[in-house]
Amino acid sequence: MRLSEKLDRVLTRADELKHLLSTADGAQFGTLSKELSELEPLVDKVQALRAAERARDEAEAMLADPELRELAEDEYLAQKEAVPRLEREVRLMLLPKDAADERSAILEIRPAAGGDEAALFAAELFRAYQRYAEARRWRFEVMDYDESDLGGVKGAVAEIQGRGVFARLKYESGVHRVQRVPATETQGRIHTSTVTVAVLPEAEEVDVQINEGDLRIDTYRASGAGGQHVNKTDSAVRITHLPTGVVVAMQEEKSQHKNRAKAMKILRARLYEAERSRLAATRAADRKGQVGTGDRSERIRTYNFPQGRVTDHRIGLTLHKIDRVMLGEFDDIVDALTAEDEAARLAAEGE
């Protein structure tokens, strides 16, 4: 279907919704109002595009008149530039939406290869994401933080609440590599370590049906830093989802009940993302359009401290400002990844 036909359908549907709303009752009114409110930004953009096209065509016609040519030339050039920009914006708005984009997210960071150095970098990266969340006024709640002996982490989990969190952070999932001279290195040799990052869209109970009979729940005494309750009560909880083998352990809270609630939230997110990944893998168009949003084994980025650079390998982006990135300034990377993903999806739509 040509773009103009798609846009005609959008405008027609908006008119239909306005007419239906005039006679709708309670429940139907809410459903129709929601659809119209979601459609209105696209309608406004379509109308802006159509207006720019008309203005361009009118100015182009005036160029043939010697008396009007000078007057029309600037308008023609302005609208000729505006039309493709507006058309691209419209095409982007027409792309299928990721239902999870507007959701909050669960962030999980764990050291992989590199021992103590990997644990230290995992802690630093976790703090960088915390700073990023705070700068965007998102709520960052640490759900689990298993500290290592030297101040790193064996694993850290946070809930990041806000509108559009997953859309901004979903490209962070994968293997992050760090190259630097560890503080414990006496001969100045550069070490390479890796950590894994997983960003999961937060799932509601209605998104994932979990049968209590499919769960094995074990309680045990917490270990490590954590206050008076450590090794005193069986407050830590380990939940195993038997059909999938997914295991979530939680010991951050003193209360067994709170640890169980947090573990269930993480379990729902993991199961929800697993189902999303399964569905996405069956759609060739999705695979073509993906920059990389979920494979934890994919090495996505290198942080090279001696050279002061951060490189995202998926799009070949290199930034020479590692200090700023580690302070939570991820927007340049996220914006570039988003733009690349949008371009790939637009290209896939055009095939």
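The model is predicted: local features need pLDDT of at least 70, side-chain atom pairs count only at pLDDT 80 or more, and totals for chains, interfaces and linings use all residues. Residues are numbered from 1 along each chain as its sequence is written, and side-chain values use heavy atoms, with hydrogens and water left out.

**Helices**
- Helices are DSSP runs (H or I, at least four residues) numbered from the N terminus.
- Helix H2 (residues 26–62) has 37 residues and spans 52 Å from first to last C-alpha, close to the expected 54 Å; the expected span is 1.5 Å times one less than the number of residues.
- H3 has 26 residues and reaches 36 Å, close to the 38 Å expected.

**Buried residues**
- Buried means under 20% relative accessible area, exposed over 50%, and partly exposed in between (1.4 Å probe, protein chains only).
- The buried residues of H2 include Leu32, Leu36 and Leu39, and their cover includes helix H1 (3–21) and helix H3 (69–94).
- Among the buried residues of H3 are Ala72, Tyr76 and Gln79.

**Salt bridges**
- The whole structure holds 31 salt bridges (a side-chain nitrogen of Lys or Arg within 4 Å of a carboxyl oxygen of Asp or Glu).
- Asp8 pairs with Arg50 at 3.1 Å, linking helix H1 to helix H2 across 42 residues.
- Arg168 and Asp335 form a salt bridge at 3.0 Å; Arg168 lies in helix H5 and Asp335 in helix H9, so the pair ties together parts 167 residues apart in sequence.
- Arg168 is buried at 15% relative accessibility, whereas Asp335 is partly exposed at 40%.

Definitions and conventions:
Helix = DSSP H or I, 4+ residues; strand = E, 2+ residues; numbered from the N terminus. Contact = heavy atoms within 4.5 Å.
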